[in-house]
Amino acid sequence: FSLAAVNVGDYIEAVLDRNLAENISRVLYPNDNFFEGKELRLKQEYFVVAATLQDIIRRFKSSKFGCRDPVRTCFETFPDKVAIQLNDTHPALSIPELMRILVDVEKVDWDKAWEITKRTCAYTNHTVLPEALERWPVSMFEKLLPRHLEIIYALNQMHLDRVAALYPGDIDRLRRMSVIEEGDCKRINMAHLCVIGSHAVNGVARIHSDIVKNSVFKDFYELEPEKFQNKTNGITPRRWLLLCNPGLADVIAEKIGEDFITDLSQLKKLLDFINNESFIRDVAKVKQENKLKFAAYLEEQYKVKINPSSMFDVQVKRIHEYKRQLLNCLHAITLYNRIRSDPSKSFVPRTIMIGGKAAPGYHMAKMIIKLITSIGEVINNDPCVGDKLKVIFLENYRVSLAEKVIPAADLSQQISTAGTEASGTGNMKFMVNGALTIGTMDGANVEMAEEAGEENLFIFGMRVEDVEALDRQGYNAREYYERLPELRQAIDQISSGFFSPRDPGCFRDVVNMLMYHDRFKVFADYEAYIKCQGQVDQLFMDPREWTKKVIRNIACSGKFSSDRTIMEYAREIWGVEPSATKIPPPNLPRD
């Protein structure tokens, strides 16, 4: 594909050859938490939904269970046999497509079809960031999916009639709750479509589900509170413990047996061994082996030599302003300045590793990567730093690299602005692999702190209430810049070209954003973050106490198994009892 196009951020155009017939499934849009509104993306969403629903209906019709017809034509039992979980709004077209099939093709009565559709579908919300919400132009639907648009209009009318009857004269409420957004460009709000077309709506961590009820879908929650649930995310312990960290899995199995593999709550039994000297030694030894192995990998891959006895301080996730990799950068610069001002002072050595991909068209995210590598270039080549501090950007971060870095991490950074990270799952992977967490009270961090005890994580910074209060008061970055000398020094260095001597103005966009339009309030949490990092250093100097906290964290990570999450979906949304019976894959006939 055209590399020139990739470099200006037009990745999709680069991959597609315009002379060929459009290839619907040629390329995946690589955005994270951002809606682009491209026609090809809508075609992809319809394509995968239509194919899936045809398959579901074929399978429903060919299954004879509870039906005497030679070919099943009665759809009454459809919701008892089929559950469609809308994983974000991307498959939202399932709702009008199922209505289209039932009404137009299968000739089911409209109201009956609507009841079947709602009983079949459930919606999981994955983000509260407004720029991530799918809002498709009506004009695009007129062109590509005219029948679906008719159906959406009819569903919206039924919905608004109901709201109007319950809240007579409340025009603003009708506007807020409509699936169709009026304006210069009329748009379809896919999240609203999902809420009205589903029998259950959930967020992916308790704090996120509360935000969903109290702010994002507040009006809908007032209308149907019984619809709203929470399902805290989980991770699979097979990949994220056994497969990627066999050393730790062995040490655990020696103490508590192997049942934890399919019932992660059994890790609680490790609480009995927190003061067991040989277990403390074994856990620390496994971590040290993982660090040596990862250090060797980094040396071979990136030709960087790192100090394996330093603290491995890791932040790996998509590059995004709300995840605040910039806060991590400011800490790295602050540490560097402290070393330079007193090189003889004893220092807890750190290797700060930051990794993740930026969406092709996200300029700020790319500048953040550039800043990380530029800071690394200066710090890693300054002789007065030695092996006290290294800053490394882990390039091409992906699952296979996560499987290597997570078992080697000492510190896990989960530092999003409170109220912005729906859940996070990297946080859970680090916890089960024996890293300690520095983080805000956001996403699943809240429940991790609840499980392990807040004193066993390094929690800092504003809570959701504080962020809201600061919004009402007005966030003024300059105030922090003027008041905090170490922050001012770091910003002035970025600004003056200290980290980009060949291009002094390189980071002016970044500095300008931080100073004048930072939606995620990096400076507001800087002071608390630096102080909290000081507590991390203190504990790291006492390896035995550090490892005891690690053991407590591992022991309390059982809730965060995806086995528990899926069991809750099954019982509380799909209405089925989980079973350990293996079923044949869909391409094989069932008995």
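Start with charge: the chain carries 78 positive and 82 negative side chains, and the centres of the two sets lie 3 Å apart. Here Lys and Arg count as positive and Asp and Glu as negative, with His and the chain ends left out of the count; each charge is placed at NZ of Lys, CZ of Arg, CG of Asp or CD of Glu.

A word on what you're looking at. This is a predicted model, where local features need pLDDT of at least 70 and side-chain atom pairs count only at pLDDT 80 or more, while totals for chains, interfaces and linings use all residues. Residues are numbered from 1 along each chain as its sequence is written, and side-chain values use heavy atoms, without hydrogens or water.

Now the overall build. A compact globule of 591 residues would have a radius of gyration near 25 Å, and the chain's 26 Å agrees with that; the radius is taken over C-alpha atoms, and the globule rule is 2.2 Å times the number of residues to the power 0.38. Along its principal axes, the C-alpha trace spans about 85 × 60 × 55 Å. Buried residues (under 20% relative accessible area, against over 50% for exposed and partly exposed in between, with a 1.4 Å probe and protein chains only) make up 53% of the 591. Of the contacts (heavy atoms within 4.5 Å) with a separation of 6 or more, 73% join residues 24 or more positions apart.

The chain has 27 helices and 13 strands, taken as DSSP runs numbered from the N terminus (helices H or I, at least four residues; strands E, at least two). Six of those strands form an open sheet in the order β10-β9-β8-β11-β12-β13, with parallel pairing. Its edge strands, β10 (389-394) and β13 (458-459), each pair on one side only; pairing requires at least two DSSP bridges between two strands.

Step inside that sheet to β9 (residues 350-355), where six of six residues are buried. R350, I352 and I354 point one way and T351, M353 and G355 the other, yet all are buried. Strand β8 (residues 311-316) runs parallel to β9 over six bridges, with V314 partnering M353. Further along, β11 (residues 411-414) and β12 (residues 436-439) pair in parallel over four bridges, and Q414 partners G439.

Finally, look at β1 (residues 84-87). Four bridges join β1 to the parallel strand β2 (residues 121-124), where C121 stands opposite I84.
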